[in-house]
Amino acid sequence: SILQRSANTLSQSELKNITYDKGGSSTYLYRTILFNSLIINEKDAIYSLGYVLQLINDMFDLHKDYHSKQQSLFTTNNDIDVPIAAYNSAIDDFILKFGKLSYPKEFKMQFFNLIAIILGRGHVCRDMLLNLAKSSKKKDLREMDRHLLICDMEKATNIYKSINLSYKLGKRFNAEIL
């Protein structure tokens, strides 16, 4: 995080690594409080999930981070399609890695259904940003008014969208992995 606030411009590769490590290490820390030991490839799957969670956080904080000069994949791109593509790819990577773990299918499905709630919220924000980019004359959302970039997850329509997207992610996981 300190590097993200430096005056030196970080490359996209450096930002991806920082985002991956920041999200991955915090998620891994939470996983280590469980009593059962990690299984083969679980740490990699957890870091992949952490990367997705950090990207979701960065999406929701786009305006704040940009104006506080916090470098992220979202604040350093003037075309929202670039970090959104990274987010979509990270989701695919997480689903693939998590699906390959040797936990029983019912445990994986239970866990994924819980995570899908968070991912659904991320998808609502992603879709809002994409729609905003389409409807505006420019794709650079970073300098738009704050009220346009707020993805209000207390609105009934966003709650419904989140639930619907979570359900679709669960179906996708079930179809592709289980």
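Biologist: What volume does the largest pocket have?
Modeller: About 440 Å³. Keep in mind that this is a predicted model.

Biologist: OK, and which residues are the closest to its centre?
Modeller: Those are R31, L34, E42, I46 and F111, out of 18 residues that line the largest pocket.

Biologist: Which helices each supply at least two residues of that lining?
Modeller: α1, α2, α4 (81-99) and α5 (105-135) each do. α2 gives the most, with 5 residues.

Biologist: How does the lining divide into nonpolar, polar and charged residues?
Modeller: For the largest pocket, 13 of the lining residues are nonpolar, 2 are polar and 3 are charged.

Biologist: Switching to helix packing: at what angle do α1 and α2 cross?
Modeller: Roughly 115°. Helix α1 covers residues 12-31 and helix α2 covers residues 42-60, and their axes come within 6 Å.

Biologist: Is that crossing left-handed or right-handed?
Modeller: Right-handed, as α1 passes α2. By class, their contact has 8 nonpolar, 8 polar and 8 charged residues.

Biologist: And α5, how many residues does it have?
Modeller: It has 31. From the first C-alpha of α5 to the last, the helix reaches 42 Å, which is close to the 45 Å expected at 1.5 Å a residue.

Biologist: Where is the kink in α5 centred?
Modeller: On A116, and the kink is about 30°.

Conventions: Residues are numbered from 1 along each chain as its sequence is written. This is a predicted model: local features need pLDDT of at least 70, side-chain atom pairs count only at pLDDT 80 or more; totals for chains, interfaces and linings use all residues. Side-chain values use heavy atoms; hydrogens and water are left out. Axes are lines fitted to C-alpha atoms, for helices over the stretch in contact, and angles run from 0 to 180 degrees between N-to-C directions. Helices (H or I, at least four residues) and strands (E, at least two) are DSSP runs, numbered from the N terminus. A crossing is left-handed if the near helix is turned anticlockwise from the far one by less than a right angle, and right-handed if clockwise. Ala, Val, Leu, Ile, Met, Phe, Trp, Tyr, Cys and Pro count as nonpolar, Asp, Glu, Lys and Arg as charged, and the others, Gly among them, as polar. On a 1 Å grid over the protein atoms alone, a cavity is a set of points where a 1.4 Å probe fits but cannot get out, and a pocket is an open set with protein on both sides within 12 Å along at least five of seven lines; lining residues have an atom within 4 Å of a point. Grid points are joined across faces, edges and corners, and a volume is the space filled by probe spheres set on the points. The expected span of a helix is 1.5 Å times one less than its number of residues. The bend at a residue is the angle between axes fitted to the seven residues ending there and the seven starting there.
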